[in-house]
Amino acid sequence: MQKLSWVEEELSALKAEGRYVPIRTIESAQGSWVTIGGKKVLNMCSNNYLGFANHPETKKAAIEAIEEYGVGAGAVRSIAGTDEIHAKLEEKIAEFKHMEAALVYQGGLLANVGTIPALVGKDDVIFSEELNHASIIDGTRLSSAKRIVYKHLSVEDLEKQIRENRSSFKKAIVITDGVFSMDGDIAPLPEITEVAEKNDVMVYVDDAHGEGVLGDHGRGIVNYFHLEDRVDIEMGTFSKALGSMGGFVAGSSDLIDLLKQKSRPFLFSSALNPADAAAVLKAIEILEKDDSLIKKLWHNSDLLKKSLSDIGYNTGHSKTPITPVIIGDEKKTVDLSKRLYDEKDVFASPIVYPTVPKGTARIRLMPSAVHTEQDIKIAVDAFADLGKKLHII
């Protein structure tokens with residue numbers, strides 16, 4: 001059909017520019033090694049930081065929840081979809097985060113696009129970090145609030161933007177990722193909070209990659225900086241370190257009560273499945289008792305970064321387990337990823353524009369607590385061999 005000819009043209013352009021990323025289908029449970037196309041490969045690009053996606057205790061909790069509550073909640077939360085397991089999970093999150101209350105969503109993206117428009121509107125302003133996640137950008141657009149972007153990690157620019165613009169708007173909020181997913185660097189949250197407090201600006205942090213990684217027993221970036229009584233809204237996901245599915249926001253009791261009345265994903269989309277909620281609840285309970293998985297994650301992360309740096313790779317300035325191997329050229333990055341998979345049985349997906357700026361294409365490696373030191377060595381050896389063959393190092 002002529003009217004859809006543009007689709008083929010756009011796909012061809014993506015392939016010609018080296019920006020067409022193949023999507024592989026995993027045929028096994030998430031782990032340090034997975035099966036793809038009948039082949040066992042080393043999994044170096046999953047967000048399953050602590051191994052909870054296939055942990056025996058989280059699986060058992062999910063199975064027991066299905067037996068008790070069924071496979072689906074059956075309705076939106078505000079009508080007949082709030083199960084006992086949702087209430088228990090929200091109480092546990094609030095306790096874990098040292099916040100008054102929490103609200104569970106069906107996903108991290110929905111947490112952002114549901115919460116941000118409920119907090120600010122057309123008469124308000126959002127000061128948004130330059131490298132904020134796409135879900136924050138989408139939530140900002142849906143809010144109709146004025147969006148003012150400040151430079152990455154620059155509290156000075158944030159303060160300048162607030163000083164020049166705050167008085168023109170009724171309400172104001174600064175929103176930042178806690179850990180930036182493509183580079184692994186951390187927001188200067190104490191300084192951001194201080195500037196916001198001086199200027200009557202709310203503080204909202206998306207800690208998707210800080211859950212289970214930073215803070216006491218994995219409580220996240222707000223706890224890491226001891227800011228529980230100063231950050232207004234903390235958002236996070238269950239699909240990374242906690243191994244399941246869903247998202248949440250935590251804050252004051254009044255704020256959470258207001259979201260229950262205004263947040264569209266809460267009001268108009270069926271609730272999180274009981275099994276997912278139960279698995280998350282169990283993961284948090286494990287973290288509260290034992291932080292050995294977090295320590296193993298950081299050990300593997302340090303080993304991977306040092307080993308790659310020692311052989312000449314640029315791993316950026318990450319301060320978290322996220323390990324960007326920055327190649328720069330899009331085609332060379334996609335080629336390296338393909339050859340890692342085809343020749344070395346290493347599954348490591350390429351990240352190219354528009355996910356990252358042009359000229360900064362990379363393979364983002366994600367070490368986990370379930371990787372062994374031998375797994376890390378296999379990955380590093382593969383990068384060493386192919387890096388030399390492709391004249392990257």
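The largest pocket is lined by 37 residues, with His-133, Ala-134, Ser-181, Met-182 and Thr-355 lying nearest its centre. A pocket is here an open set of points on a 1 Å grid over the protein atoms alone, where a 1.4 Å probe fits, with protein on both sides within 12 Å along at least five of seven lines; lining residues have an atom within 4 Å of a point. The model is predicted: local features need pLDDT of at least 70 and side-chain atom pairs count only at pLDDT 80 or more, whereas totals for chains, interfaces and linings use all residues. Residues are numbered from 1 along each chain as its sequence is written, and side-chain values use heavy atoms, with hydrogens and water left out.

The elements giving two or more residues to the lining of the largest pocket are helix 5 (108–119), helix 6 (134–143), strand 8 (233–237), strand 12 (350–351) and strand 13 (361–365). Helices (H or I, at least four residues) and strands (E, at least two) are DSSP runs numbered from the N terminus. By class, this lining of the largest pocket comprises 18 nonpolar, 11 polar and eight charged residues. Ala, Val, Leu, Ile, Met, Phe, Trp, Tyr, Cys and Pro count as nonpolar, Asp, Glu, Lys and Arg as charged, and the others, Gly among them, as polar.

The second largest pocket is lined by 20 residues, and Ile-26, Gln-30, Cys-45, Ser-46 and Asn-47 are the closest to its centre. The lining of the second largest pocket divides into eight nonpolar, nine polar and three charged residues.

Val-7 belongs to helix 1 (residues 5–16).
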